[in-house]
Amino acid sequence: MGASRDGNVVIPLRTHFLGDTMHATTGPARTRAQALLSHRIRTRPTPPTRTVLILIALLAALIPPLGITNLAAAAAARPETASRSNVSQVNPFIGTTGSSSTEYGGMIPSTAPPFGMTRWSPMTRENYVSRLPYHLGDPKITGFIGTHQPAIWMGDSGYVVGMPGVGAVKTAEADRGLPYSHSDETASPELYTVHMHPSPEQTLRAELTATSRVGVQRLTYPQHTAPNYVVQATRSGITGNVHIDPARREISGYNPDRQDSNLGPFKAAGFKGYFVARFDTSFAGYGTATGATQYDRQSDRTDQDVSGYVRFPSGTANVTVRIATSFISVDQARANLDKEVPDRQSFDATVARTRAAWADKLDRVDIGGATPDQRAVFYTAMYHALQYPSEMSEYGRYYSAYDDKVHKGVSYTGYSLWDTFRAENAFLTLFAPERIDGMVTSMLQDYQQGGWLPLWKNLTETNIMEGTNADSVIAEDIAKGFHGFDLNLAYQAVRKDAMTPPDDDTTLWYGDRQQGTPVEARAGLTTYLKNGWVAADHTAEAGARTMDYAYEDWAVAQVARAAGKTSDAAYFLKRSKNYRNQYNAATGFMQARNLDGSWAGGAWTEGDQWVYTNDVLHDVPGLIALKGGDTAFASWLDTYFAGGHNNHTNEPSHHIPYLYDYAGRPWQTQQLVRQIADANYHNTPDGLSGNEDAGQMSAWYLLSAMGFYPVNPASGQYAVGSPFFDKVTLKLPGAHRPLVISSPHAASRPYVQALSLNGKSITKPFLSQTDLTGGGHLDFTMNAAPQAWSASTTPPPAAQNLARSKPVEMIDGTPAIDWGKPTDNAVAGDPSTEAQSTSGEPWSLRVDLGAATTVGRVVVNPDWENYPVNYAIKVSDDGTTWTTVAAETAAGGTATCSAYGVTTCGQLHTYTFTPTNARYVQLSVNSWASAKTGAPANGYGWALREFEVYAG
C-alpha cells in the first residue's frame, strides 16, 4: 500500500498468499507449505513514531469511540504501537482450511476490534451450521458478510451481505461471484483487501475494515464501467425487508434468520438483525429484488431472499459504504453508524482505530527467542482468543433473546462454556480483566431473563454440549478477585444449577442437539442426586455428565464459601467426590453406570473412557489415589499417551499432559506440552488441528507457551509446564509492573531445572493468579535433559529418538496420504497420528538415520486395532546387508484391550539389543491382524503410531 488519501499514514497489510498451492496442505506437504508461506509475509513501510503520535492525538480528539475504553490514550502511552506493533505478526488465514470440511480450525479472515459484535469477512460460500462463510479453497467471492456466527458448529443470526459489481446488476448469490486469487488477497485484524476480476481485463479492488457494529468497505471500480452494489438481507425461505432512501444514500432493513432457532426453548419471535448501509456516492438508480428477480425503481420490499441494489453514475471509480448493524432496531443501527463511523471519519482513520484496539491487547506481550512462524502462531492465537465472547449490547442497551425484550445493561453472546471454561476464561482474566465483571453480569442477566445460566449461548440458549460450566467460570472469577457483580445472585444461579433438575428430567433423553427440549441445565440431575451418578440408561452422555457435575459441584462450593454459605459449601464439596462412583477398579477405567448400578458402555462427550478417566480436574490427588499412587498413575499416563489416546482436537484432553505435575514427574509434562504444541499449531492455513471452539484451542497454546496452564480453573491455580521462548514480557492490564518470564535457551532446553519468582525459589510446579498479576520476574532455568526440579523421583537420563523426522519409506504398501495417514507420521514423535497403507499387504517400514550411528533400542508402537503380528527388526549400515536384531511371532497382547471390547490387540513393544552401528533401521512385517476379527481386514492395511530408534 502507498499513502492514504489524506497523505498522513501508511496502512500496513499483512499475510500475502501467492497461488493456490496452499489449499489443504497436510502431512508431508506441511513443511513445504510453511516454507512457501514464510516468503509471502511482507512488512510494508510504517510511519515515524512522531507522525503516529500526532495521528493518534487527532483521532482521540475528533473521532467518537469504538466502544473501547481509553483506546487512544492507551495507544499513545506506548509509542511503539503503530510503528512496530505485534498486530503485524497476525496471520488471519491460520485455521481457514484443512483436510476435512468441518474438522479444521474453523476460522475466517475477519476484521473487527476485540470482542466485536459483528465480524466482517469475505464470503466465498453460503454459511450455516457446520459451514463458515469463507474457505480458503473456494475460487470466487460472492459477498462481504457481517456475521454473528460464533463457531463452525453453530448457526448465524441476523447477518447482512454486501457485494459490489459492474455492468448488469446481479442480485442472486449464485450469479454474482467474482473470481479472485490469493496473490491479490491480504488480511490483518484491522483490514482485508482483495482484487476481484469481473473479467480477465478488469480489477475491482475491495478493502474491508470494521468497528464493533459497523463494517466499512472502500471500493475501487474498474475504469469506464457501470458500478453497482447489492445488499442482501435474507436468503431463500427467510422473509426480511429492505428499504432504499436515495436522499440519505441508504439501504436499510432487517434479517430475522436465526439458524439455531430449532435448538433450545427460547424462540425469540421478535428477533431481527437490523442494518443501515450508507454510501458516500449518490445513486444513479436503485431497486429491490427477490433472488434474481429485480424490481427497478422500487424502494421497499418485504419478501424471502430479499435484497436491495443501487447503481452509481457511469465511470464512478471510488465508493465507500458503511454498513451498521443492530439487534435492537434500524434507528439503533443508524445511531451505531453515527457513533462509530460518522460521516466525517475517513476509511483510513477507521483502519487506524481498529488497529489501535488490537495493539492495545497484542502489544501487552513481547516475546524473545521465537522464530517468525512461532510469533505468527502466538499473536494469531491472541487474535483468535480475543474475539470471544462477542458484544451483544449497544451503548447501554441490549436485546435479550430469552424474553424477546430490550433491556438496559451490558451483554455478551457466543458463550461456548463447555470449551472455554478450561483455559479461555483464564486467558481473559489476564488480558481482558476490564471485561470480566461485565461478562459475569451478562450471564446473570441471562439467568434472570431465561431462568438459568447459559450452557452454550448463541444469542440465547442452544442446549449444545453438557454441564453447567458457567459455575466454573463464576468460581474462577471470584477466586481471582473479581467482585464487580452481584455475588448473592451469582450464588443463587449456580445453586439452582446444582440442585434443580431441568423440566422433564426423568422422561427426556437430552441428546446432543435434541429438539423440543427445555433448558438442559444438568440433565440427569435427578438420578445424580439419588445415586451419585447420572444413569446411563436414562440420560445421554451420562458418563461425561457425572464427571463434569462432580467438578461443577466443587466450583459451586467455592461460590458458596465466598457468599458465606459455609454449610452449603461443605455439602457441595462432599458431593464433588461423586466421580469416584464411576471408577471401575476391576478395569482401572471410569465407566458410566445404569440406574441399577450396573456398568454401562460409552456415554462420553468428545472423548472415551481413556480421556474421562483423567477428567478429575478438581481432585487430582484423589484420582491418583484411586489409580494406586504416584508411580502407578504415572505408568497409567505413560500408557495413555503411548497409545495415542490424547486427542488435542477435543477439549477434554487439554489438561491431561499437565497431570504428570501432580504425580511428581513434571519433566514428562514439560516434554509432552512441547510435542503437542509442535504437532497442532502451525503458521499455515491448515495450522489449527481442530476447531478453534471460541478461543479454547488458542488459549491452550498461549498459556502453555508462557509456561503454565489451569488444570483446575476454578481454583485460580496454574500448573507449570515448559515455556517455549527465551523471554516473555507481560504488561497486563491493571498490573502495577510488568511480569518478565525468563527462560534462556528454551528452544533447545525444554526441561525446567529451577524456578523462582522475584528471587524466591519455587519448589512445587504450581503458580497462582497473583504470582502472575503481581509482576516482577519469573525466572526459569532450563536444561536439555530431564531434571529433578519438583520431582518425587529421579528422572531418567535424556534419550534422543534417532528416527524422529528422519526420511522414511513404506515398503510393499501404498501410503494413505489421502486418509491423513502418511508414512511420515510413523516418525513424527506424535502417537496420536498414524501411518497406514491403503492396501492389505503386510507393509514394512525403513528409516534412514542419515549416517551410521550407534543403535541399541527400538520401540514399535502400533495401532490397537490393526497391528503387525509377525515381524523382525533389522539394521544395516549400507542398505544392502541386513542384520536381524529382534523378532516377534505373536506381537498381540491383552493389556488395555478390554477398553475396546476385544481380548487381543496391538501392543507397544520395546526391544533392547547389543548396540551396533547402523544407518538404516527396518521393521520387516510378515503378517498382521485386526483385533476385531483376528485376521487382516479388507481394503486397508495395518497402522503404526510410532517407530522409535535409540542409542541404547
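**Note on the predicted model**

1. In the hairpin formed by strands S10 and S11, where four residues lie between the strands, Arg-249 adopts a positive phi near 55°. Strand S11 covers residues 250-255 and runs antiparallel to S10, the two being joined by five bridges. Within this pairing, Asn-241 has Tyr-254 of S11 as its bridge partner.

2. Strand S10 also has a second pairing to consider. Spanning residues 239-245, S10 pairs with strand S15, residues 300-304, in the antiparallel sense and over five bridges. One of the residue pairs in this arrangement is Thr-239 with Gln-304, the latter belonging to S15.

3. On confidence, the protein chain has a mean pLDDT of 91, and 91% of its residues reach 70 or more.

4. Taken along the principal axes, the box filled by the C-alpha atoms of the protein chain is roughly 85 × 70 × 60 Å. The secondary structure of the chain comes to 21 helices and 42 strands.

5. Tyr-388 and Pro-389 are joined by a cis peptide bond, with omega about -15°, and Pro-389 is found in the loop that lies between helix H7 (372-385) and strand S19 (390-391). Further along, Tyr-395 is not a glycine, although it has a positive phi of about 55°; this residue is placed in the loop between S19 and strand S20 (397-400).

6. Strand S20 then takes part in another hairpin. Four bridges join S20 to strand S21, residues 405-408, and the two strands run antiparallel; the bridge partner of Tyr-399 in S21 is Val-406. Four residues lie between the strands of this hairpin, in which Asp-404 takes a positive phi near 65°.

7. Which residues lie nearest the centre of the largest cavity? They are Arg-119, Gln-149, Pro-150, Ala-151 and Tyr-388, out of a lining of 28 residues. The lining of the largest cavity divides into 12 nonpolar, 13 polar and three charged residues, and the cavity has a volume of about 310 Å³. The count of cavities of 30 Å³ or more comes to five.

8. Strands S28, S29 and S34 form an open sheet in the order S28-S29-S34, with antiparallel pairing. The edge strands are S28 (708-709) and S34 (766-768), each of which pairs on one side only. Strand S29, residues 717-720, pairs with S34 in the antiparallel sense over three bridges, and Ala-719 stands opposite Phe-766 in S34.

Conventions: Residues numbered from 1 in each chain as written. Predicted model: local features only at pLDDT ≥ 70, side-chain atom pairs only at ≥ 80, totals over all residues. Heavy atoms only, no water. pLDDT = per-residue confidence, 0-100. Pairing = 2+ DSSP bridges. 1 Å grid on protein atoms, 1.4 Å probe; cavity = no way out; pocket = protein on both sides within 12 Å on 5 of 7 lines; lining within 4 Å. Points joined across faces, edges and corners; volume = space filled by probe spheres on them. Nonpolar A, V, L, I, M, F, W, Y, C, P; charged D, E, K, R; others polar.
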